[in-house]
Amino acid sequence: MTSTVAAPPLRILVAEDDPAVSKLYGAYAQSRGHAVTFARDGAEALVAAATERPDVILLDVAMPRLDGRDALKALKENPGTRSIPVLVITAFGGDQAMRDLLLELGAWDVLEKPVDLQIAFNKAERLVPR
């Protein structure tokens with residue numbers, strides 16, 4: 001007989017410039033028991049990642065100030081944030097060249113918007129060793 005123990009909640013950083021999308025991701029993450037921090041652009045995401053040390057980052061590509069590609073590159077070049085898994089969720093997810101670039105820059109996976117939240121969060125939860 002096996003017993004299932006609920007996995008501990010994750011600390012998730014949502015880097016997304018669309019407030020409605022951020023709210024949707026945040027509400028879904030919280031419904032699964034996770035804590036959420038938000039960043040409205042890539043520059044905020046870098047600060048939040050360094051200070052909050054999230055377990056996983058959900059990152060959009062098309063954002064103001066610093067886009068997701070540059071933010072991902074900076075996250076992976078910083079020894080303090082390099083090991084944080086990044087799941088990119090973008091409208092460019094169907095563009096194979098963009099997918100390849102994001103994976104090359106260090107994304108763990110790239111999902112296309114609009115994303116199925118259950119699939120996205122199942123992936124995010126599997127990225128984190130718990």
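Predicted model: local features only at pLDDT ≥ 70, side-chain atom pairs only at ≥ 80, totals over all residues.
## Helix H1 and its surroundings

Helix H1 covers residues 19-31, and its 13 residues should span 18 Å at 1.5 Å a residue, which agrees with the 18 Å that lies between its end C-alpha atoms. Within this helix, Ser 22, Tyr 25, Gly 26 and Ala 29 are buried; seen down the axis of H1, the buried residues fall within an arc of 100°, so they line one face of the helix. Ala 20, Lys 23 and Ser 31, on the other side of H1, are exposed.

The elements that cover the buried residues of H1 include strands S1 (11-15), S2 (35-39) and S4 (86-90), together with helix H5 (117-127).

## The ends of H1

At the start of H1, the backbone nitrogen of Ala 20 has a side-chain oxygen of Asp 18 within 2.9 Å. Just after the helix, Gly 33 takes a positive phi of about 90°.

## Backbone features in the loops

Most residues other than glycine have a negative phi, and most peptide bonds are trans. Arg 65, which is found in the loop between S3 and helix H3 (68-77), has a positive phi of about 65° and is exposed, with a relative accessible area of 68%.

The peptide bond that joins Lys 113 and Pro 114 is cis, with omega at about -10°; Pro 114 lies in the loop between strand S5 (109-112) and H5, and H5 is among the elements that cover the buried residues of H1.

Key
Residues numbered from 1 in each chain as written. Heavy atoms only, no water. Helix = DSSP H or I, 4+ residues; strand = E, 2+ residues; numbered from the N terminus. Expected span 1.5 Å × (residues − 1). Buried < 20%, exposed > 50% of the residue type's maximum accessible area, 1.4 Å probe, protein only. Arc of directions from axis to C-beta. Contact = heavy atoms within 4.5 Å. Polar contact = N/O pair within 3.5 Å; in protein donor to acceptor, adjacent residues only side chain to side chain.
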